[in-house]
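Biologist: I would like a close look at a single part of this model. Please take me through it step by step.

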Amino acid sequence: FLMAFFKKYNGTTNTKLLRIERLIWTLIYGGLLAIVLGAFIDQQEAQDAGLFYNLGGLAVAAGVVLIYVRSRMREEDH
């Protein structure tokens with residue numbers, strides 16, 4: 001069942017769309033990692049934890065916005 005789900009989307013050959021898709025997941029996973037690192041730093045009562053929270057939140061938000069932008073783009077748009 002799962003393999004059939006993942007095989008439906010073969011990706012794109014358009015390099016602009018491919019870069020956006022890679023950037024989306026890099027921002028989302030990188031932002032989540034920064035938030036987790038901020039939580040570990042916060043346990044040690046360091047002052048830099050807020051920076052990790054803010055930057056991580058901004059990265060995740062940017063990734064979500066890019067998902068919306070990507071959903072509006074078509075394969076024919078070059």
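Which residues does Leu 66 touch, not counting residues up to four places away in sequence? Please go on from there to the helix H2.

Modeller: Keep in mind that this is a predicted model. Leu 66 touches Leu 23, Ile 24 and Leu 27, with residues up to four places away in sequence left out.

Now the setting. The protein chain has three helices and zero strands. Along the sequence, the pattern reads α-α-α. H2 covers residues 15–43. H3 covers 49–72.

Start with the length of H2. Its 29 residues should span 42 Å, at 1.5 Å a residue.

Next, look at what H2 hides. Its buried residues are Leu 17, Ile 20, Glu 21, Ile 24, Ile 28, Gly 31, Ala 34 and Gly 38. These buried residues pack against helix H3. An α-helix has 3.6 residues a turn, so residues three or four places apart point the same way.

The largest nonpolar core has six residues: Leu 17, Ile 20, Ile 24, Ile 28, Leu 66 and Met 73. H2 gives the most to this core, with four residues. So Leu 66, where we began, is a core member, and the core also includes its contact Ile 24. In soluble globular proteins, nonpolar side chains tend to be buried together.

Glu 21 forms a salt bridge with Arg 70, and the closest N and O atoms are 3.0 Å apart. The pair links distant parts of the chain, with Glu 21 in helix H2 and Arg 70 in helix H3, 49 residues apart. Both Glu 21 and Arg 70 are buried. The structure holds one salt bridge. Side chains of opposite charge can pair when their charged atoms come close.

Now turn to the surface. Trp 25, Tyr 29, Leu 32 and Ile 67 form a nonpolar patch there, with about 440 Å² of accessible area together. H2 supplies the largest share of the patch, three residues. Tyr 29 is found in H2. Tyr 29 counts as exposed because its relative accessibility is 56%, and the cut-off for exposed is over 50%.

Last, the whole chain. Of its 78 residues, 22% count as buried. The chain exposes about 6,400 Å², and carbon and sulfur atoms supply 65% of that area.

Note on methods: Residues numbered from 1 in each chain as written. Predicted model: local features only at pLDDT ≥ 70, side-chain atom pairs only at ≥ 80, totals over all residues. Heavy atoms only, no water. Patch = residues over 30% accessible without salt bridge, like charges linked within 9 Å, V, L, I, M, F, W, Y side chains within 5 Å. Areas by Shrake-Rupley, 256 points an atom, 1.4 Å probe, with all protein chains shown as cover. Salt bridge = Lys/Arg side-chain N within 4 Å of Asp/Glu carboxyl O. Helix = DSSP H or I, 4+ residues; strand = E, 2+ residues; numbered from the N terminus. Buried < 20%, exposed > 50% of the residue type's maximum accessible area, 1.4 Å probe, protein only. Core = buried A, V, L, I, M, F, W, Y, C linked by side-chain atoms within 4.5 Å. Contact = heavy atoms within 4.5 Å. Expected span 1.5 Å × (residues − 1).
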